[in-house]
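Subject: Handover of a structure

Dear colleague,

Please find below the sequence and structure that I am handing over to you.

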Amino acid sequence: MPPPPHEQRRRMLALPAVCPCEAISPAPLLASLVDLAADVAGRVDVAGLPALRRGAREAVRLAGVLLAFLEALRDAAAEDGFPLPEEAVLGLSELHVALQKLRLLLADCARKGARLWVLMNAELVASELRVVLGSVATAMDVLPGDVIGVFAEAAELARMVSEQAWRAAVRPDEDDDLAARSVRSVLARFRRGLTPDAEDARLALDRVGVATWSGCTEEAAFLEAELLDRLEAGGENDNDLVLISGLMAFLLYCRVVLFDRIDPKKAEAAAPAPRPARSAPWISPEALQCPITLELMTDPVTLATGQTYDRASIKKWIKSGCRTCPVTGERLRSAEVVPNVAVRGIVEQLVATSKGGSLHEPSSKHRCAVDKTASPFGAAAAGGVRLAVAFLVAKLSRGTPEEQSKATHEARKLSKRNVFYRACLVEAGAVPWLLHLLSSADASVQDNAVAGLLNLSKHPAGRRALVEAGGLGLIVDAVNVAAKVEARQNAAAVLFYLSSNPEYCDEISRIPEAIPTLVHLVREGAYRGRKNALVSLYGMLQCANSHGKAVSAGAVGVLAGLLSGGGDRGDDLANDAIALLARVAEHPAGARAVVSSSALVTRLVDFLGEAASRSAKEHCVSLLASLGRHGGDKVLALLGKLPGLMPALYAVIGDGSPQAGKAARWLVNEIHRHYEQRPPPAAAPVTAAGDRVIRV
């Protein structure tokens, strides 16, 4: 049964329903009810549900009887000219609301990836189902008698619906209770740090129909998204977090220990290949991008000004103290936002048709929530993850090549979005073994090892373990010679996280190949590789001895080549390049390298006038000020001759940050001082009488 539009944005077992308006006429209301009842009665695979199959079967059977009743009413109204009275609207509206909730509830029971969650909440699901069926019975009881008694068959059907709804036996099945007890038994052993009985785990997985590694992964991904959604909403004290985290640990343990191989997801052979997604001709691709991040809007919301943004981006904008609309500059009277359902529907359709994906996997919008996962949320979750990680590290250290391949993949996945999982991997000694596998002849193993190290380098203990294991040189080598492009890009990102520590940064800069390797990646790499190399170089230039090495490696010329920009990504790289040039020019050798090309100085002034990014303008002003400071009168004279500089500097003084305004003001004053103190032209020589002198 497909979920209703945008259903996946709501929390599991939350059943919002829209009551038909009071002014609706009975005929369209009845037509909508027929469609709803048909949807519930005909599209639910009861046998495939993870729990509460008997209760769901009763609900579907009831929906079938209700559908027959509603169709009889519709046919009578159409064929016999029987007009439904206005008094029927109340009962039919109540029935409409109840059917909406029933459809949502059954959709939740069949929801992809939520099978274990439904099993462990079977009592709550049963309670909700009893309430919904009671609402159906109540709605039938308040229908006017002349509607129910339009003919004998309709009266009999109405009586059957009411009686079956009131008497439906809705409770968890015995097999549900047995499987749930097995899961609780495993979690209890996790709490005590004991290895669980594999049969208990398999019993629960069999009940919910999870028989493969990919099935386990799908269940874990759903729970992770639930966890991060609740943390993102500020629900650190949510009572469900302990259960969610425990079930995640259960699934991770099963995935790591019970399944020997990673199976690819089975493609739906019968389904036709999706056509490439294409926007309607009246929609430009840019219209679906957030104006702040320039990324596809996964949760579009609209401000009072009528402009649409991604929710996470505009919330961050407002939280930072900005009370204006980023696009129009109009002052916001209210910080309230409204979901833009139309835009979201278009984006969802594009994502689904282009790559069969979903907008509801954990993603970049959860970055803030990831920081809140340092706690395991319960002893069961902590014990289960530690057991799984210990098993994983054993396979990394002494497993067969196939086992090591799977273990590196698991380490990469485990460390991706959970701070506690990263800490467990570091404590268990995963870092040295991942470094060892960088030399693997298997490109996939190497790639997964680098990605795992990247995730672990985001944790302070992971960075320390990497340096103590002597991994700096290995990471630099990976930037240079890793088999896959993605591995080289990720290795450069590892250096960025390591460079956040001045001591580690100094050690990296002592490696002769480190800075030349990053400069080469900036020159030759793809967008992501260039981006990672740029930010890594920026971090490393906090060490004084790195500036000269960067200049010797040709960094200035490479960065100058990025200033031409072009497209969103080109402009992004140009902004990073100007920031890096500003840092290079802080050192006299770097400033001399920039000034040595008058064409580059001219380009910097043009960039200051053209740049759309405020931060890029401010970095450019800082760079020009450094050139003036280290280059003296020669540079000031050159800058003073460039006509576009002064208007751009005055704009920064008026609109820029205090620090940028100070730098711009200093540069303006220095240029004026240079020209004011310049000696006057030499006096003309005395000429013989009668000679005429023309001064130009």
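In which loop is Leu52 found? Leu52 is in the loop between α1 (26-42) and α2 (53-79), where helices (H or I, at least four residues) and strands (E, at least two) are DSSP runs, numbered from the N terminus.

Before I continue, two remarks on the basis of this summary. The model is predicted, and local features need pLDDT of at least 70, side-chain atom pairs count only at pLDDT 80 or more, and totals for chains, interfaces and linings use all residues. Residues are numbered from 1 along each chain as its sequence is written, and side-chain values use heavy atoms, with hydrogens and water left out.

Overall composition

The protein has 33 helices and 3 strands. Of its 696 residues, 48% are buried, a term that stands for under 20% relative accessible area, with exposed for over 50% and partly exposed for values in between (1.4 Å probe, protein chains only). Contact means heavy atoms within 4.5 Å. Among contacts between residues at least 6 apart in sequence, 73% join residues at least 24 apart.

Two residues with positive phi

Leu52 is not a glycine, yet its phi is positive, at about 55°. With 2% relative accessibility, Leu52 counts as buried. Phe377, also a residue other than glycine, has a positive phi near 60°. The loop between α14 (367-370) and α15 holds Phe377, and this residue counts as buried at 13% relative accessibility.

The largest cavity

Phe377 is also one of the residues that line the largest cavity. On a 1 Å grid over the protein atoms alone, a cavity is a set of points where a 1.4 Å probe fits but cannot get out; a pocket is an open set with protein on both sides within 12 Å along at least five of seven lines; and lining residues have an atom within 4 Å of a point. Grid points are joined across faces, edges and corners, and a volume is the space filled by probe spheres set on the points.

The whole structure contains 3 cavities of 30 Å³ or more, and the largest cavity holds about 70 Å³ of space. Its lining includes Leu227, Ser245, Met248, Asn418 and Tyr421. At least two lining residues come from each of α11 (240-258), α15 (379-398) and α17 (419-427). By class, this lining has 8 nonpolar, 4 polar and no charged residues; Ala, Val, Leu, Ile, Met, Phe, Trp, Tyr, Cys and Pro count as nonpolar, Asp, Glu, Lys and Arg as charged, and the others, Gly among them, as polar.

The second largest pocket

The second largest pocket has a volume of about 290 Å³. Its lining consists of 14 residues, and Glu618, Ser622, Gln659, Ala660 and Ala663 lie nearest its centre. The elements that give two or more residues to this lining are α31 (614-640) and α33 (658-677). Helix α31 provides the largest share, 7 residues. The lining of this pocket has 4 nonpolar, 6 polar and 4 charged residues.

The sheet

Strands of a sheet pair through backbone hydrogen bonds, either parallel or antiparallel. Here, an open sheet of 3 strands has the order β2-β1-β3, with antiparallel pairing; two strands pair if DSSP finds at least two bridges between them. At the edges stand β2 (308-310) and β3 (338-339), each with a single partner strand, so one side of each is left without a neighbour in the sheet. Strand β1 (residues 300-302) pairs with β3 over 2 bridges, and Val301 stands opposite Pro339 in β3.

Contacts of individual residues

Arg230 belongs to helix α10 (residues 213-232) and counts as buried at 2% relative accessibility. Leaving aside neighbours within four places in sequence, Arg230 is in contact with Arg11, Trp117, Gly235, Asp238, Asp240, Leu241 and Ile244. The C-alpha atoms of Arg230 and Ala369 are separated by 8.4 Å, with the two residues 139 apart along the chain.

Tyr497, in helix α22 (residues 485-498), counts as partly exposed at 27% relative accessibility. Residues up to four places away in sequence not counted, Tyr497 touches Leu454, Ser457, Lys458 and Arg463.

Met646 lies in helix α32 (residues 645-655). Its contacts, neighbours within four places in sequence left aside, are with Val668, Ile671 and His672.

With kind regards
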